Amino acid sequence: MAQLRGTMMQSFHWYTPNDGSFWNDWAGRMDELHRKGITALWLPPAYKGMAGTWDVGYGVYDMFDCGEFDQKGTLRTKYGTKEEYRQCIDAAHNADIQVYADVVLNHRMGADAQQWIDNVVAVNPHNRNQTQGNYHGRNLWTSFTFPGRGSTYSSMHWHWWHFDATKEYGNIFKLKNKQFETHVDHENVNYDFLMGCDLDFDHEQVRGEVHYWGKWYLDTFGMDGFRIDAVKHIRSFFFRHWLDDMRNHARKNLFAVGEYWSSDISRLRRYIDETEGRMHLFDVPLHANFHHASKAGERYDMGSILNNSLVREKPWLAVTIVENHDTQPLQSLESPVEPWFKPLAYAIILLRDEGYPCIFAADYDGAHYHDKGYDISMASHRWMIDLFLDARGRCTFGQRRDYFDHRHTIGWTFGGDAEHKSMAVVMTNSGDDTKWMETGRPHTTYRDITGHIDDSVQTNEWGWAPFRTRGGKVSVWIEE
């Protein structure tokens, strides 16, 4: 489960280099990450994808091939071999860092052969419950026999009857005698289908294989939890059984966070109710607030930055993010947070005691890539994030007092305790400003660890002081 003041890091981005060195590179970073305050690492999908070494991992072909078999033109995946993956996980555990596997259960892609299906029908992409045209026979790519792996680890091969729909020739085809699942997101009326060959979780063999794979994966690699992809497209009730089964098998309370990508807090609330709180969710509404705030500048009401967010409504189930691989420039959910605002956003997720923050590797290390005719550079914010990580471990204790009472300048304080120092955080999306806040520590001197303000400040006899910051910046004042 999420650790007290724990911080996870997403280790990859969409354009992580395809050189097979990923597992080895991250294995060598574990001790440093532990020293910085990282307690868990979200690793990318480790199994073979339809695009071979070019697949980020979400175009799932064979979940039992983690860089071991010659399939899709390669033995290794984009990230390396199975043995290197195992060694990376071992290195994390040796550094006391938990490891979360990226689990993609919704679909399969890159079939090995076509199959003739007697009755298929196209559906309206904007209303999946509405058919278009007549039922007819058609050859579709729905046969997965894994010629490079055969029956190693699992003898099950996938065929059309294990799926409810697939997309080819620009059309979504619903397959013979199949129905889309209920208790999925209501976008496009029914958002069961996302891509590829969509798994039919009404089929007993499908459910059985997905449960079997999860136990095999836990036994093989010893994961500490899961990041579960595209949960809005899979029947919510399935995860009540699957997560219980995985936790019982592992004999520990495995962490789980689901990717339900919606900025509508009511949809996240409903999903949490349907899964009975068995998994965390990414705080997509908070990310949306960060994106809009960074674009609007001083037109944005900073006092509302936490409004309608999961961390405000259900902080014990919120995984807070600034960005991820889907929101970075040129990706499907592109909604980048502008560089000037990222230190403010990371202060909000790292320097508070609610939510489970997740740092994006491209924000930490920086990234440079070229795609679709664009040259993209993402700046590294490592220096500031490291400051926040250190302050998170030392100063986010005691009574918290919030000051979200101004359109431009907001802040909060922690009073500390016998073992931890007090702290004041102040930020603004406008010009230089000062905010009077109470730390609860009279006649105490504070300094801004960010270096934005050189002078110290001292609280008065009631524990109040005017904490300053520069325009468009965040300052973190820690008790001397």
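The dialogue below goes from the whole chain to single residues.

Mentor: Keep in mind that this is a predicted model. Begin with the overall make-up, then go to details.

Trainee: How many helices and strands are there in the chain?

Mentor: The chain has 11 helices and 26 strands. Its radius of gyration is 24 Å, close to the 23 Å that the globule rule gives for 480 residues, so the chain is as compact as a globular protein of that length. Along the principal axes, the C-alpha atoms fill a box of roughly 80 × 45 × 45 Å.

Trainee: What share of the residues count as buried?

Mentor: Of the 480 residues, 61% count as buried. The accessible surface of the chain is about 18200 Å², and 46% of that belongs to carbon and sulfur atoms. Take the contacts between residues at least 6 apart in sequence: 69% of them join residues at least 24 apart.

Trainee: Now charged side chains. What is the general idea?

Mentor: Side chains of opposite charge can pair when their charged atoms come close. In this structure, a search of the whole model finds 39 salt bridges.

Trainee: Which residue forms a salt bridge with D353?

Mentor: The partner of D353 is R400, with the closest N and O atoms 2.6 Å apart. D353 lies in the loop between α9 (342-350) and β16 (356-360), while R400 is in strand β19 (residues 400-403), so the pair ties together parts that are 47 residues apart in sequence. Both ends are partly exposed: D353 has a relative accessibility of 31%, and R400 has 24%. The pair also belongs to a network of salt bridges that links R352, D353, E354, R400 and D402.

Trainee: Where in the chain do E480 and R447 lie?

Mentor: First, the bridge itself: the side chains of E480 and R447 meet at 2.5 Å, N to O. E480 lies in the segment after β26 (474-479) and R447 in strand β23 (residues 445-448), so this pair ties together parts that are 33 residues apart in sequence. R447 is partly exposed, at 40% relative accessible area.

Trainee: And how far apart are the N and O atoms in the bridge between R267 and D264?

Mentor: In that salt bridge the distance is 3.7 Å. R267 is partly exposed, with a relative accessible area of 25%, and D264 is partly exposed too, at 32%.

Trainee: K174 has a charged side chain as well. Is K174 buried or exposed?

Mentor: K174 is buried, yet has no salt bridge. The nearest side chain of opposite charge is that of D164, 9.2 Å away. A salt bridge needs a nitrogen and an oxygen within 4 Å, so D164 does not qualify as a partner at 9.2 Å. K174 sits in strand β10 (residues 171-174). Leaving aside neighbours within four places in sequence, its contacts include V120, V121, Y135, D164 and F180.

Trainee: How far is the C-alpha atom of K174 from that of A122?

Mentor: These two C-alpha atoms are separated by 6.2 Å, although the residues are 52 apart along the chain. A122 is found in strand β7 (residues 113-124) and is buried, with a relative accessible area of 11%. Beyond four places in sequence, A122 is in contact with Q130, T131, Q132, I172 and F173.

Trainee: What should I look for in the backbone angles?

Mentor: Most residues other than glycine have a negative phi. Here K72 has a positive phi of about 55 degrees although it is not a glycine. K72 is in the loop between β4 (60-62) and α3 (82-94) and is partly exposed, at 32%. A230 also has a positive phi of about 55 degrees without being a glycine. A230 lies in the loop between β12 (225-228) and α5, and counts as buried at 4% relative accessibility.

Trainee: One last residue. Which side chain makes a polar contact with that of N253?

Mentor: The side chain of R247 does, at 3.5 Å. N253 is in the loop between α5 (236-250) and β13 (255-258) and is partly exposed, with a relative accessible area of 45%.

Technical notes. Residues are numbered from 1 along each chain as its sequence is written. This is a predicted model: local features need pLDDT of at least 70, side-chain atom pairs count only at pLDDT 80 or more; totals for chains, interfaces and linings use all residues. Side-chain values use heavy atoms; hydrogens and water are left out. Helices (H or I, at least four residues) and strands (E, at least two) are DSSP runs, numbered from the N terminus. Buried means under 20% relative accessible area, exposed over 50%, partly exposed in between (1.4 Å probe, protein chains only). Lys and Arg count as positive and Asp and Glu as negative; His and the chain ends are not counted. Contact means heavy atoms within 4.5 Å. A polar contact is a pair of N or O atoms within 3.5 Å; within protein, one must be able to donate a hydrogen and the other to accept it, and residues adjacent in sequence count only if both atoms are side-chain atoms. The radius of gyration is taken over C-alpha atoms; the globule rule is 2.2 Å times the number of residues to the power 0.38. Accessible areas come from the Shrake-Rupley method with a 1.4 Å probe; for residues, only the protein chains shown count as cover.
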